[in-house]
Amino acid sequence: MPAPALTDLEGAIEIRGVLEGLAARKLAEQGASESTLKRMIDAVEQGFRLFQDGRIDQERILKFKSINQSFHLALIEGANSPALRQVYQQATQLPMGSASAVGFDSEHPEREFRRFLRAQEHHQAIVEAIQRRQGARAQALMIEHAQISLAYLSEGASNKAWLKRSSSP
């Protein structure tokens with residue numbers, strides 16, 4: 001099976017961003033349950049603790065993948081929309097469609113640390129928008145959050161060696 005084209009990978013990330021943006025808006029507008037907020041806040045706090053010493057390595061990235069997946073699943077599941085959940089499950093089967101599709105460029109740890117910290121700051125801002133019942137803001141933040149992955153992918157596409165390093169487990 002041939003490797004997916006860059007446009008296919010970009011499309012999967014964009015679709016995930018739109019679906020998660022819709023979930024964030026729904027959560028904010030309908031009011032998130034305490035259990036959903038707890039799951040999301042726990043993921044935010046775990047992510048910040050993971051990088052609090054300013055270090056990043058492959059082991060931490062593996063832990064982050066799980067934390068990130070928890071945050072994104074809490075968002076989708078908390079929206080209480082079976083249709084959204086079904087479409088999201090299909091979208092996550094696409095290459096780069098899952099929130100656990102996280103690359104890491106071990107040759108540039110400082111840059112990678114900033115990228116992961118920025119992702120955590122996005123998560124925190126999304127939770128705050130949901131708590132404040134700011135649907136449009138939550139949606140926009142979630143779509144913007146997907147831009148981190150798109151930028152990472154675009155940069156990697158221009159440097160095949162870098163892309164290969166970043167996609168290794």
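Modeller: Helices are DSSP runs of H or I with at least four residues, strands are DSSP runs of E with at least two, and both are numbered from the N terminus. Residue L153, for example, lies in helix α6 (residues 135-157). This is a predicted model, in which local features need pLDDT of at least 70 and side-chain atom pairs count only at pLDDT 80 or more, whereas totals for chains, interfaces and linings use all residues. Residues are numbered from 1 along each chain as its sequence is written, and side-chain values use heavy atoms, with hydrogens and water left out.

Biologist: How many helices and strands does the secondary structure of the protein come to?

Modeller: There are seven helices and zero strands, and along the sequence the pattern reads α-α-α-α-α-α-α.

Biologist: Which elements have the lowest and the highest mean pLDDT?

Modeller: The term pLDDT stands for the predictor's confidence in each residue, from 0 to 100. Where it is low, the predicted coordinates should not be read in detail. In this protein the mean is 84, and 81% of the residues reach 70 or more. Helix α7 (residues 160-167) has the lowest mean among the elements, at 43, while helix α2 (residues 34-50) has the highest, at 96. Over residues 160-169, pLDDT stays under 50.

Biologist: Is L153 buried or exposed?

Modeller: A residue is buried when its relative accessible area is under 20%, exposed when it is over 50%, and partly exposed in between, with a 1.4 Å probe and protein chains only. L153 has 4% relative accessibility and therefore counts as buried. Leaving aside neighbours within four places in sequence, L153 is in contact (heavy atoms within 4.5 Å) with L6, L9, E10 and I13. L153 and L9 stand 144 residues apart in sequence, yet their C-alpha atoms are 8.1 Å apart in space. For the whole protein, 43% of the 169 residues count as buried.

Biologist: Which residues of helix α4 are buried, and which are exposed on its other side?

Modeller: In helix α4 (residues 82-91), the buried residues are L84, Y88 and A91. They cover an arc of only 55° around the axis, taken from the directions of the C-beta atoms from the helix axis, so they lie on the same side of α4. P82, A83 and Q90 are exposed on the other side. What covers the buried residues includes α1 (6-30) and α3 (58-78).

Biologist: How do the axes of α1 and α4 cross?

Modeller: Two packed helices are described by the angle between their axes and the distance between the axes. Axes are lines fitted to C-alpha atoms, for helices over the stretch in contact, and angles run from 0 to 180 degrees between N-to-C directions. The axes of α1 and α4 come within 10 Å and cross at roughly 155°. Angles under 35 degrees count as roughly parallel, over 145 as roughly antiparallel, 65 to 115 as roughly perpendicular and the rest as oblique, so α1 and α4 are roughly antiparallel to each other. Their contact is made by residues that include L19 and A23 of α1, with L84 and Y88 among those of α4.

Biologist: At what angle do α3 and helix α5 pack?

Modeller: α3 and helix α5 (residues 109-131) pack at about 20°, with their axes 12 Å apart, which makes α3 roughly parallel to α5. Among the residues making this contact are F64 and F71 of α3 and H123 and I126 of α5.
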